[in-house]
Amino acid sequence: MTLLRADATGTQEALSLSGYRSLFCSVRLRKVKPMLGDEIVRYLGKLTVVMGLVVGVIPGSACLADSVQLTPKDGGVLRVAQSSDPLCLDPQQAGNNDSLNIGRQITDSLTDQRPDTGEIVPWLASRWTVSQDSRVFTFYLRPGVTFSDGTPVDAAAVKTNFEGILKLGARASLGSGYLAGLKEIQTPDRDTVVLTFSKPNVQFLQASSTMSLGLLSPGTLARDAGARCQGQLVGSGPFTVTSFVHNQRVVLTRREDYAWPSSLAGHQGKAYLSGIDYRIVPESGVRTGSLLSGQIDVDTGVLAQDERLFTAQALPVIARPNPGLVFSLFPNETDPVLGHKEVRLALNKAVNRQEIKNVISHYQSSASSALAGTTPFYTDHASELGFDLAGSKKILDDAGWRPGSDGIRERDGQRLVIHLSYWQSAPYLELLQEQLRAVGIDLVLNQTTISQTSALQNTGKYQVQFYNLTRSDPDILRAVFAVDAHNVNNRKAEPVDALLDASSAELDVERRRNLISQAVTLLIEEGHIIPLVEVTTVVATAKTVHGLHHEASSRLQFFDTWIGR
Amino acid sequence: MSRPSSGLSIRHLLRRDVLLYVAARVGQSALVLWAAFTLSFAILYVLPGDPVSIMVNQDGQSLVDGAELAKLKAEYNLDKPITEQYFIALWRVLHLDFGRSIQSGQTVASALANAIPPTANLAFCALVVALIMGVGLAVLGCLVQAPWLRTLLLALPSLGAALPTFWIGLLFLQVLSFHFTIFPAMGNDGWRSLVMPVATLAIPTSARIAQVMSRSLALVWSQPFTEAIRAKGVSRTHLMLVHTLPNAAIPLLTMAGLIVGGLLAGSVVTETVFSRDGIGRLAQGAVSAKDIPMVQGVVLVVAASFVVVNLIVDLLYPLLDPRITLSGKRR
């Protein structure tokens, strides 16, 4: 490891190294003292650069032992247990985490994103410019990069990729959204790509760092979508697909001539691991037992009830909240009950998020905004999400909702009942049900299958939706709430739409942060969102596994991972 | 026509009435397959939700707009009226084109080709083990003379049938894989990975076999002919293995279809607990995603295996028991 410069204006490389190490350390600290308050953990996160410097200088600290004294070992196949079949390995088509965890290793992106600050940094594009109106993005490609079939990663290949994603349409469920409004792609020379959007589109820079816009060889893009899903994929990433058996395993093999890691990587050249063997193990108890008995090295889907086992065995646990929209209730405002703003506000005030915090994983936080704390441009809105039982009751009283004989309020013969159909595992909703009952709102929970939930949503005859959305850019707010986008509330245009629109065009960091913060406040004040809890991806590893970490979207990055003794 | 039935012979299988019988049964089988296909199509249609929405909405992480979704639905003919969808699907299946899985994009034929061998392997091994354990237990229960031991042996099948497969599997894993690391906890690699799944699947199956066999053995054992044979001085074991067992096995053969069905149903749980690839996992994933082409492929394969097993059983009856004939006429 290089000695780090003591001044805060160090070179890009020194900063990224320290950033990486401090990220690793802050995670370790979280593991050692899981009971630390959220604020302290968040504060530690903000002090990352300082932490990295301190850790690099003071001998004898726990992090020093972990990341400095041990020299990475080359070789070895990492056995990773995932909970579900990835279904489709193509990162451009995939949407679920288990698939994206694989896709990230086989494709590279134009840019990368620092997990700690959200800053966009070089990867396959060594630099870029964004026009003042944030409509034109020019990327200058790093020369000498090839796909594993030998074809060059040049401007033409990038163009073919992005056009291909648009052609995939709904199949590229994430990427096609990021590229929406793309007017044209020009390739003035071999290493320059110019994308022009019809509207300002600030989020595209972050999108260019995701595996959903990861690059595949033109040969792969010529194949049909189904064949690509089965692993007939050629990317420029540090690993290539060797085999894929559904419901069984995915085997990746290291690319020996790989030499273009992201500027965030902890080392140069090829990956340390000679391969990754992903096993699909649906039962959480089997994953836990297999990790404890040394039959796997990494469990990517640790359930809250198994966390104590790992802590007791002192096995490393890597946890990071998913950036983006937190798990929330999204009211359908065409509904006769939830169309009333006072009901939505009473709902929000009746939620006791501190109490909910007690029944979820201790790596998980309750919501402190519409956005998770790891989302770039996040600001704390906890004061707008305070528990106020009396206030909630008063709002409903004032609006004429009177408690009936069973304690559930009603008005003009209409009972205050909210039906929620969902498919996720979220036991804390039962606590929420109890909390709402205390103010006279009857939350009827119907846990069902994803097909039934999506069928109900398609009919439009639902009262609330419940989900989270992972995205390491605050533009997710615009995508979900804006009237001219997904318009999750089915509402008419309001002042918040102007704010969301402005935020999608604002290049200045502070001004954008301000717009986002104002938008979050309005969304909460209007009751368009009732934020509940953050999602955290909890991963446990064997003691021999080093250098595994989450990238900015909280998916796994194995490039710096190595197996020690 | 009064030729006595002559044990197991090839000539028996080539007789004209047998061939006619087989032809009629093949016709019937086609009807059964068609009914299974139609019924599963109807059930999937009644289930709420459409597979394309589920496919693009993996983990609920996408915001695909309605127009793009409609395009994809049209690609899978899901925008057409139900009857038209049905006839398109039926026409394809008649041409042995099972289509592509909506969920994963692989062809249903290749998914089935990958999933059938591991399940067949698992089910066959479990059947052999279950037969040995089930029949062995019934025979022991019949031969043992100490009343307490007999009661104990005859109580075992009820216990075996009552234990949930899921729990047995986890127990095996806990002891033999996590604690003693004798067998691998997951995968389809080699015989070692087959031991625990086979045992897990064999226990409930053997319990069912033992229940039927012990009742049937007790019945045959009390028939007058056994007395006659014993009077000749034949040992109890010899009497059991040579004279009683073959006679008592007929009800077991009748159960063959049920046993195969039980094995296939048990494979869903067994394959999940032991993280194995196979028909059970394929079916479970396809049904929960309403993946119509895949579910129909699985249904047809399972229905075909039932039909084949029952056909084999029916052909074997006359060979084992001369009192049973294929044509229904007494000879």
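Visitor: Before I get lost in all these labels, what counts as a helix or a strand here?

Guide: Helices (H or I, at least four residues) and strands (E, at least two residues) are DSSP runs, and they are numbered from the N terminus. B:Ser53, for example, lies in helix H3 of chain B.

Visitor: And what kind of model is this?

Guide: This is a predicted model, in which local features need pLDDT of at least 70 and side-chain atom pairs count only at pLDDT 80 or more, whereas totals for chains, interfaces and linings use all residues. Residues are numbered from 1 along each chain as its sequence is written, chains are lettered from A and ligands numbered from 1 in the order in which they are written, and side-chain values use heavy atoms, with hydrogens and water left out.

Visitor: Back to B:Ser53, then: is that residue buried or exposed?

Guide: B:Ser53 counts as buried because its relative accessibility is 5%; buried means under 20% relative accessible area, exposed means over 50%, and partly exposed lies in between, using a 1.4 Å probe and protein chains only.

Visitor: What is B:Ser53 in contact with?

Guide: If we leave aside its neighbours within four places in sequence, B:Ser53 is in contact (heavy atoms within 4.5 Å) with A:Ser454, A:Asn458, B:Leu69 and B:Lys73. Its side chain also makes polar contacts, one with the side chain of A:Asn458 at 3.2 Å and one with the side chain of B:Asp50 at 2.6 Å. A polar contact is a pair of N or O atoms within 3.5 Å; within protein, one must be able to donate a hydrogen and the other to accept it, and residues adjacent in sequence count only if both atoms are side-chain atoms.

Visitor: Zooming out, how many residues of each chain are in contact across the two chains?

Guide: On the chain B side there are 45 residues, in contact with 48 residues of chain A. The area buried between the two chains is about 3800 Å², of which carbon and sulfur atoms give 55%, where buried area is the accessible area (1.4 Å probe) that two parts lose on being put together, summed over both. In chain B, the residues that lose the most area to chain A are B:Gln61, B:Leu63 and B:Met186, which together make up 19% of what that side buries.

Visitor: How many salt bridges are there between them?

Guide: There are four salt bridges between chain B and chain A, each being a side-chain nitrogen of Lys or Arg within 4 Å of a carboxyl oxygen of Asp or Glu. In one of them, the side chains of A:Arg171 and B:Glu75 meet at 3.0 Å, N to O. Helices H3, H4, H8, H13 and H14 of chain B each give two or more residues to the side that touches chain A, and the largest share, five residues, comes from H8(B).

Visitor: New topic: how are strands E8 and E9 of chain A paired?

Guide: E8(A), residues 239-245, and E9(A), residues 249-254, pair in the antiparallel sense over six bridges; two strands pair if DSSP finds at least two bridges between them. A:Thr240 stands opposite A:Thr253 in E9(A), and in the hairpin, which has three residues between the strands, A:Asn247 takes a positive phi near 60°.

Visitor: What else does E9(A) join?

Guide: Five bridges join E9(A) to strand E10 of chain A, residues 275-280, and these two run antiparallel, with A:Leu252 standing opposite A:Ile276 in E10(A).
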